[in-house]
Each structure stands twice: as C-alpha cells, then as structure tokens.
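Dear colleague,

Please find below the structure that I am handing over to you. My findings follow it.

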Amino acid sequence: MADVRDMRIVIIGAGMGGLGTALAFAKKGFNNIHVFETASNLGFVGAGIQMPPNVVRVLDRLGCWEAILAESTNVRGTSIRQGSTNIELSHVEMPDIEEKYGFPHCTGHRSSLAGGLLSGCQKENAIKFHFSTALVRIDSFGPAPSVTLKPRDGDEYTLGADLILAADGIKSRVRTQMLAELGTESQEEDTGQAAYRIMLQRSEMEHDPEMLALLDSDTVVRWVGERRHIIAYPVSNKQIYNLSSAQPDDHFASATNATYTTRASKADMLKVYEDFCPLVQRMLNLVPDGEVCEWKLRVHKPLPTWVHGSVALLGDACHPTLPHLSQGAAMAIEDGAVLAEVVSKIPADKVHDPETVTKTLKVYELLRKPHCTALVDLAAHSGRSLHLGEGTAKEERDREFRQNGKTGSLPDKWASPDVQQMVYSHDWIKEANDNYERLFATL
Ligand SMILES: Cc1cc2nc3c(=O)[nH]c(=O)nc-3n(C[C@H](O)[C@H](O)[C@H](O)COP(=O)(O)OP(=O)(O)OC[C@H]3O[C@@H](n4cnc5c(N)ncnc54)[C@H](O)[C@@H]3O)c2cc1C
C-alpha cells in the first residue's frame, strides 16, 4: 500500500512561501521534497518584515521561531503621525497581543526570517534544494504531473512528481501557464504605487536623540501624507532601523511589465518626501547616494482558481498584495502549512488517485482563498485611507484616528483591533484539520 509521505513533492521557488512549504511538508513526515530556485542562493533584500501572531503560530509549530525571535523586536504599540508635522494622529498600545492571541507581533530582518526557515529545512534530510535551477514550464498538470527545469550551467531536463507547488512569486510562470490552460489570461493590476526600502545602522543614528528613541522603542511608526507614507520599526536586536515607504509610482510608468526594481536617485526620494518633518528628512538624508532602490508594488486581479490537476499556487503567485497590512509573507507561509496538512490527509489507497489529489488541493483553496482575498482588499483599502489628501474624508479619518482604536476600529487596518482579531486568531493548521473532510465532501 502506498504511503502519502512518499509522494514526490516539487516546490518551485525558495522565497518565504517555498521555504515554509518545504519545512511544513517535512514536519508532516514527507520524505521526498525538492525545491527549485532560479537564484544561486537566498539573497534576500536588505529589508525588514513584520511577523504577526498568525504567522508566528505557524513558525512555532515548524520549530524555527525561537531562533528568529532571538533577533526580533516584540511590538508593544504603534504611532501614526502626520508626516509633515510629526504630530501623532493616533497611538495604539498593543501590550496584550501575546496574551490575546498566544503569540507576539514582532518585527525582524528578512534574512532572519528566511534564515530561520532555511536552517529548519537544512535539518530535514527529506528536503533537497536545487539553487540556480529555474522552472522552464509545467509539462503536465496531471494525472502524471511533470516539469521541465533548467540548471544555470546545464541542460534542460524533465522531472516527474506527484504534486507540484508553485511558490514562484508575483511574476509566477506557473500562474500564467495554469490560467492559459484554463482559457484565461494572467492579469496583473497596476497599483500606481512604489516603495523605497531603507535600513539605517545604529551607528548612523545614535548621535541624534530623536532617532535613537525611535530605534530603542518597541513601536511601529507610520508617517502619513497625501498619496504617500513611510512605515518604520527597529530590527536585528535594534541594531538597524528599517524604513519602507509607499509613494506614487512615477519611475516605472513607462517601463516594461518585467521591471520591478530600479536604482533610484536620492534627490528624487528627498523630493517625494520634501514636505515631511525634519526627523524624517534627517533619516532619509542618511541613505548613501547611489544606494537608493525603489520597488514597484504590483498586485494581480483575483484568480478564478489556484489549482489545476496536481498543481497548486501559493503565496504571491496567487494572492500578491500591497504591503500595507503586513501579511504577504505571513499568508505565503500559512498557505504552505495548510497544504502540508491537507495533503497529509490523503488516504493511502488514494495517493495515486488524481481526483483525490485535485480535490485535496481544492480544499486548500476553499480554506484559504476567501481569507487571502479579503486581506488583499483590506491592504488596498488601508492604503487609500492612509493616502488621503485634504478634505472631509481625511477629516473623518483623522477623527477616527484620534479614538486610538478604542472603538475597535482604526483607519490603518494593520493596527486596527477588529482586523487584528480577524487575522491573528486564525489557527490555520487546526482549521485545516477541522474542515478537511467536510470541505472534501462538498467537491
Ligand atoms: C515593501 C514591502 C514590504 C513588505 N512587508 C511585509 C511584512 O511586513 N510582512 C509580510 O508578511 N509581508 C510583507 N511583504 C510581502 C512579502 O514580502 C511577500 O508577500 C512574500 O515575500 C511573498 O513570498 P513568496 O514566497 O510567495 O514569493 P517570493 O518571495 O517572491 O519568492 C518567489 C521565489 O521564486 C523564485 N522563482 C521565480 N520564478 C522561478 C522559476 N521559474 N523557477 C525557479 N524559481 C523561481 C524567485 O527567485 C523567488 O525566490 C512586503 C512586501 C513589500 C514589497
């Protein structure tokens, strides 16, 4: 009799989603997991990341949270400020996040999260990494799925699998191919927004008491202005202050669809934020000339499905999001955990039954798609509210901000207690277990 744990699992992409998925399958006892990644190593961008309790819950189960936590900041509150004046519009204390949801809300360095996931994976003999190897195409979505791969310095080859999980990010080749097979087109959506990502070292900030106070705080600060904002928090044991912005996308407008990042000019960056307060100006001025990088923020129209045959999409490949809710990587990692949970439930006598495999992947989609779609919408909604210009809508927003979340709601959705309740309280592994059979029966 076949054992589900012998299934050949092929994962495309070693971003947060791919790493989390590989580790989740290994932890469920799967013993044949191959991860293919175009890049020669992880090479994560120098940037921070927020790790909300919903993903910490998963990381904890995967056994890699402790090492990540050691370098993280446990967030105790958020301060939302008028960018031009530095005057606080709202201050929300978050002292009880861990008490309420069982896990803290932390900020950290991306390399710390990725490194924690990777070293978790490296302890698992079941996981084999194939860096410098790109997926060229899916040859068959099922019933006997297979892929063509191309090592950077070698010839293309074909590989059979039992399950193909595409964690290949916003530019997902698998998504494009899957939608084409299903007779629809992959439609990216232009957000009109771009982001600068900046990391300032403690040594650069410590001469300035106001800056040092930010670095030594346990607070996420957002400076908001018309059509733009900056979010900032300490990472790496408070040795680094991470800033990430969102502003009108003026530099990619004429670029090709394939362009996502560009070396940007410091003068342009300073111009975009020229009416922000002196504190912000001083921080932006610390960025060395020639080291300003701008990211285009892209999303995708909601997909008709995430699953075809024995292939499933996850993470940014199927629900790319604006970063304003800080849930993109969290959702990708949760997707992987749910996939491992539901696939492990395939009965031994159905492991080679394509219909059971597809239906199981559909259970994953049923569990996750409505939730992720709602979060992507909320992130976009939050951005619109944060970026309001003068007028009655902004006056109403600022009035709501002044309630400091005491009404249960806040225009900045990541800090809004009602949204936190909705997002943070999910235990996706439990939900997968509780609902697998019921959802499977509906298919
Ligand atoms: C400014 C900004 C701030 C953010 N802040 C947060 C935050 O605070 N919290 C949070 O949870 N999320 C945040 N996010 C979102 C988060 O970064 C993404 O949602 C997350 O990284 C997506 O992970 P992924 O694994 O799906 O995709 P990716 O990280 O893009 O990984 C995809 C991988 O697939 C590889 N790949 C692509 N094509 C192929 C191929 N053909 N063959 C082989 N490999 C391939 C790529 O090289 C890449 O390594 C932020 C995003 C931005 C832009």
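How many residues surround the ligand, and which are the closest? The shell holds 34 residues, and the closest are Gly13, Gly15, Gly169, Gly315 and Gly328; a residue is near a molecule if its C-beta atom, placed from the backbone, lies within 6 Å of it. The elements that contribute two or more residues to this shell are α1 (16–27), β3 (48–51), β9 (133–140), β13 (188–201), β18 (292–300) and α11 (328–343). Helices (H or I, at least four residues) and strands (E, at least two) are DSSP runs, numbered from the N terminus. With 4 residues, α11 gives the most to the shell.

Please note that this is a predicted model, in which local features need pLDDT of at least 70 and side-chain atom pairs count only at pLDDT 80 or more, while totals for chains, interfaces and linings use all residues. Residues are numbered from 1 along each chain as its sequence is written.

By residue class, the shell around the ligand comprises 17 nonpolar, 12 polar and 5 charged residues (Ala, Val, Leu, Ile, Met, Phe, Trp, Tyr, Cys and Pro count as nonpolar, Asp, Glu, Lys and Arg as charged, and the others, Gly among them, as polar).

Two of the shell elements, α1 and α11, pack at an angle of about 25 degrees, with their axes 8 Å apart. Axes are lines fitted to C-alpha atoms, for helices over the stretch in contact, and angles run from 0 to 180 degrees between N-to-C directions. The two helices α1 and α11 are therefore roughly parallel (angles under 35 degrees count as roughly parallel, over 145 as roughly antiparallel, 65 to 115 as roughly perpendicular and the rest as oblique).

α11 also packs with α12, at an angle of about 160 degrees and with the axes 9 Å apart, which means that α11 is roughly antiparallel to α12.

Helix α12 (residues 354–386) has 33 residues and spans 47 Å from its first C-alpha to its last, close to the expected 48 Å (1.5 Å times one less than its number of residues). A kink of about 35 degrees lies in α12 at Arg368, shortly before Pro370; the bend at a residue is the angle between axes fitted to the seven residues ending there and the seven starting there.

The peptide bond from Gly142 to Pro143 is cis, with omega near 5 degrees, and Pro143 lies in the loop between β9 and β10 (146–151). Arg227, although not a glycine, has a positive phi of about 65 degrees; Arg227 is placed in the loop between β14 (219–225) and β15 (228–235).

With kind regards
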